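Student: Can we go through this one together? I'd like to start with the strands and then move to a helix.

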Amino acid sequence: MLEELLRPETVNINLESEDKDEVFEEMTELFVASCPGLDRSEVLDSLFEREKKMSTGIIPGIAIPHAITAKIKKPICAVGISKEGIDYEALDGKPVHIIFMFLFPADDTALHLNILKRLALMFGVPDFYKSLMDKTSCAQVVQAIVQAEESL
């Protein structure tokens, strides 16, 4: 499932952002570059609106910001890794190092929930987090995620 959503060009293994607002801006650029029809402002507004409800920094070291938009027909995903960590206002109060950002179409709630569930299961696998942090290329990150999902 995630294999269909991930491409090396929507992965950034060297995030420069220091806080949540900056990382939303930085990662939205990955969406806009890969999906030319997306409106940057609309994407950001959707992400910030969802984030107001509750922080998506729910797994230690990991955030999964996501939003719904009518502008897409299928989900899209971007992955970002920060070696230094990002002040994300996570539930545990600690920095976030890995971010999975999703945009979901408005008409497919079941798929939306299934993707989030599979991702949570993957992060329950020992060493998956460390494995992603150790990758040195975007293609390696995609490959590690695909392999982890296949092993579920």
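This is a predicted model: local features need pLDDT of at least 70, side-chain atom pairs count only at pLDDT 80 or more; totals for chains, interfaces and linings use all residues.

Student: Which way does S4 pair with S5, parallel or antiparallel?

Tutor: Antiparallel, over 7 bridges, with S4 made up of residues 76-86. Within that pairing, Cys77 stands opposite Phe102 of S5.

Student: And S3, how many bridges join it to S5?

Tutor: There are 4, and the two strands run parallel; S3 is residues 66-69. Phe102 turns up here too, as the bridge partner of His66.

Student: What about S2 and S5, parallel or antiparallel?

Tutor: Parallel, over 2 bridges, S2 being residues 62-63. Ile62 has Ile98 of S5 as its bridge partner.

Student: Switching to H1. What span should it have?

Tutor: At 1.5 Å a residue, the 15 residues of H1 (residues 20-34) should span 21 Å, and the end C-alpha atoms are 21 Å apart, which agrees.

Student: Which residues of H1 are buried?

Tutor: Lys20, Val23, Phe24, Met27, Thr28, Leu30 and Phe31. They cover an arc of only 145° around the axis, which puts them on the same side of H1.

Student: What covers them?

Tutor: The cover includes strand S1 (11-12), helix H2 (40-53), S4 and S5.

Student: Which side chain reaches in at the start of H1?

Tutor: That of Asp19: one of its side-chain oxygens comes to within 3.2 Å of the backbone nitrogen of Asp21.

Terms used
Residues are numbered from 1 along each chain as its sequence is written. Side-chain values use heavy atoms; hydrogens and water are left out. Two strands pair if DSSP finds at least two bridges between them. The expected span of a helix is 1.5 Å times one less than its number of residues. Buried means under 20% relative accessible area, exposed over 50%, partly exposed in between (1.4 Å probe, protein chains only). The arc is that of the directions from the helix axis to the C-beta atoms. Contact means heavy atoms within 4.5 Å. A polar contact is a pair of N or O atoms within 3.5 Å; within protein, one must be able to donate a hydrogen and the other to accept it, and residues adjacent in sequence count only if both atoms are side-chain atoms.
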